[in-house]
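Reader: Please take me slowly through one part of this model, the central sheet and the nonpolar residues around it, and keep to what can be read from the coordinates.

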Amino acid sequence: MTARGRFITLEGIDGAGKSSHVEFLRDRLRERCANIVVTREPGGTPFGEGLRAAVLHHPASALAEALAMFAARSAHIDAVIGPALASGAWVLCDRFSDSTYAYQCGGRGLEPAAFEALERLVHPALQPDATLLFDLDPALAAQRQAARGAAADKFERERADFFRRVREAYLERARRDPRRIHVIDAGGELGAVRERLASALRGALA
Ligand SMILES: Nc1ncnc2c1ncn2[C@@H]1O[C@H](COP(=O)(O)OP(=O)(O)OP(=O)(O)O)[C@@H](O)[C@H]1O
Ligand SMILES: [Mg+2]
């Protein structure tokens, strides 16, 4: 029987630098497994990408957002993440359920009990083996995004105090689950962040 692959997720506030390191991480993971599946949330399937467009661009309650995120996630697990892990591939996913906790509970005030109920319903037996949390001051993240110059989505237009709450929710979750969630100082040059990331990844996969 093929051993189940490993599931690695990237987390952090908008503009913290997650996506900038995906290729680097894919290369590091290839040293451990020939088959790496790179994917992202919300999205990862045509159904999920449709929900992503709805959630990122139209106002809705925290509960409606969380339901949409978990609907997209359910399809993503069924079609991509589950089969890949079962085949022995390793999955690198840009955002997963920790994002829903941080944004909808931390940022928007959704009851954690609602989040936990959805998590139990959608992926009762699946958690990332390792999560790399890019931690950055929201003011610096906003500067990086402004420099990027792309049109901002609904979340990226949120105010600084929203992202301070999201960041705090992520850090609180990391304090509760330090074996899974590895906090990376995402400040400073790309190369410096990369070195911290490589070292955190070695620790996470040891
Ligand atoms: N260490 C760094 N120093 C300066 N700029 C950076 C650094 N890391 C990333 N950037 C730049 O900051 C911007 C945001 O980075 P990136 O898109 O990787 O963030 P993200 O966490 O994936 O954001 P989102 O959650 O919105 O997808 C990009 O323009 C990227 O080139
Ligand atoms: Mg990104």
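Author: Two residues are in contact if their C-beta atoms, placed from the backbone, lie within 7 Å. The model is predicted, so local features need pLDDT of at least 70 and side-chain atom pairs count only at 80 or more, while totals for chains, interfaces and linings use all residues. Residues are numbered from 1 along each chain as its sequence is written, with chains lettered from A and ligands numbered from 1 in written order.

Leaving aside neighbours within four places in sequence, Trp 90 is in contact with Gly 5, Arg 6, Ile 8, Leu 29, Cys 33 and Ile 36. Strand E3 covers residues 90-94, and it belongs to an open sheet of five strands, ordered E2-E3-E1-E4-E5 with parallel pairing (at least two DSSP bridges between two strands). The edges of this sheet are E2, residues 36-40, and E5, residues 181-185, each of which pairs on one side only. Further in, E1 (7-12) runs parallel to E4 (130-135), to which five bridges join it, and Ile 8 stands opposite Ala 130 of E4.

Helix H1, made of residues 22-30, packs on the sheet, where it touches both E2 and E3. The largest nonpolar core has 48 residues, and among the members that touch the most others are Trp 90, Val 91 and Leu 92, together with Leu 132, Phe 134 and Ile 184. Helix H3, residues 62-86, gives the most to this core, with eight residues.

Methods. Helices (H or I, at least four residues) and strands (E, at least two) are DSSP runs, numbered from the N terminus. Axes are lines fitted to C-alpha atoms, for helices over the stretch in contact, and angles run from 0 to 180 degrees between N-to-C directions. A nonpolar core is a set of buried Ala, Val, Leu, Ile, Met, Phe, Trp, Tyr and Cys residues joined through C-beta atoms within 7 Å. A residue is buried if 20 or more other C-beta atoms lie within 10 Å of its own, exposed if 12 or fewer, and partly exposed in between; C-beta atoms are placed from the backbone.
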